[in-house]
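Q: I would like a close look at a single part of this structure. Please take the helix packing, then the ligand surroundings.

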Amino acid sequence: MAMLKSPLAFLVLAFFLCFIMSTGDGTYDYFQFVQQWPPTTCGVRGKPCSKPRLLQNFTIHGLWPSNYSNPTMPSNCNGSKFEARKVYPQLRSDLKISWPDVESGNDTKFWEGEWNKHGTCSEQILNQMQYFERSHAMWTSYNITKILKNASIVPSAKQKWKYSDILSPIKTATGRTPLLRCRTDPALRNVQFLHEVVFCYGYNALKQIDCNRTAGCKNQVDIVFK
Ligand code: 5GP
């Protein structure tokens, strides 16, 4: 205890504790499978994307092992670092369609960042190859773009929706409750932009489950689809 009387020792200890708390130990409860709408990813943000790909379909952002007590954790676990050679040619061409880097056009770097930050925390269940194969399979299992189009929810400059309007057709198609995530533009206070649709999966990433509505689009604000 006497050591903590030294301000330097205290600072070192505080830094060490912060470092431990900011990383993950690889325990998690469930997976969030996050798909993004590229026009919102690049069109509703502080600064422009360096190489935007404004695809008109939902693409993968990531597969995130998550805790119910804090869905942004764990992250950056001590697993194997990303190895590009493990993304074999067929998987690579699949991911180029389902999981493109829509911000800066560097797909491999995007996959690397997602694996290192999230995939490492569930390596005991999905190794790197399985992590990307399973994500691609999740993407192909339900086509959100088509589900919304069939419900006449399409990009529109004028139309606005309630959270439940968008939730309902996805819930009917999948039998499970997704989570909708939105972005806001400070210049447009009374609307929010649909940005991501989250599917939740159990610990083994096999069975889809209902998502808890924690963070997400606000209930009282109309949603627009860019
Ligand atoms: P996370 O790191 O937790 O997976 O997600 C947040 C980060 O992912 C943000 O920094 C966001 O900019 C980034 N992100 C989302 N979509 C893309 C993308 O298509 N390309 C790249 N490079 N980053 C993305």
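At what angle do helix α3 and helix α5 pack, and how far apart are their axes? Please go on from there to the helix between them in numbering, α4, and to the residues that surround the ligand.

A: This is a predicted model. Start with α3 (residues 89-98) and α5 (residues 128-141). They pack at an angle of about 45°, and their axes are 10 Å apart. Angles from 65 to 115 degrees would count as roughly perpendicular, and those under 35 as roughly parallel. α3 and α5 are therefore oblique to each other. Their crossing is left-handed. From α3, the contact uses Leu 91, Asp 94, Leu 95, Ile 97 and Ser 98. From α5 come Met 129, Phe 132, Glu 133, His 136 and Trp 139. By class, the residues of this α3 and α5 contact are six nonpolar, two polar and two charged.

Next comes α4 (residues 107-117) against α3. Here the axes come within 11 Å and cross at roughly 90°. That makes α3 roughly perpendicular to α4. Arg 92, Leu 95 and Lys 96 make the contact on the α3 side. Asp 107, Thr 108 and Trp 111 make it on the α4 side. This contact of α3 with α4 has three charged residues, two nonpolar and one polar. Leu 95 is named in the contact with α5 and in the contact with α4.

Now pair α4 with α5. Their axes come within 11 Å and cross at roughly 110°. α4 and α5 are therefore roughly perpendicular to each other. The crossing of α4 and α5 is right-handed. α4 supplies Trp 111, Glu 114 and Trp 115. α5 supplies Gln 128, Tyr 131 and Phe 132. Four residues of this α4 and α5 contact are nonpolar, one is polar and one is charged. Trp 111 of α4 is in the contact with α3 and in the contact with α5. Phe 132 of α5 is in the contact with α3 and in the contact with α4.

Glu 114 leads on to the ligand. This residue takes part in the α4 contact with α5, and it is also among the residues that surround the ligand. An N or O atom in the Glu 114 side chain is 2.6 Å from a ligand oxygen atom. Two further polar approaches can be listed. A polar side-chain atom of His 61 lies 2.9 Å from an oxygen atom of the ligand. For Val 102, a polar backbone atom is 2.8 Å from a ligand oxygen atom. The surrounding residues also include Gln 36, Trp 64, Pro 100, Asp 101, Glu 103, Ser 104, Phe 110, Lys 117 and His 118.

Note on methods:
Residues are numbered from 1 along each chain as its sequence is written. This is a predicted model: local features need pLDDT of at least 70, side-chain atom pairs count only at pLDDT 80 or more; totals for chains, interfaces and linings use all residues. Side-chain values use heavy atoms; hydrogens and water are left out. Axes are lines fitted to C-alpha atoms, for helices over the stretch in contact, and angles run from 0 to 180 degrees between N-to-C directions. Helices (H or I, at least four residues) and strands (E, at least two) are DSSP runs, numbered from the N terminus. Angles under 35 degrees count as roughly parallel, over 145 as roughly antiparallel, 65 to 115 as roughly perpendicular and the rest as oblique. A crossing is left-handed if the near helix is turned anticlockwise from the far one by less than a right angle, and right-handed if clockwise. Contact means heavy atoms within 4.5 Å. Ala, Val, Leu, Ile, Met, Phe, Trp, Tyr, Cys and Pro count as nonpolar, Asp, Glu, Lys and Arg as charged, and the others, Gly among them, as polar. A residue is near a molecule or strand if one of its heavy atoms lies within 4 Å of it. A polar contact is a pair of N or O atoms within 3.5 Å; within protein, one must be able to donate a hydrogen and the other to accept it, and residues adjacent in sequence count only if both atoms are side-chain atoms.
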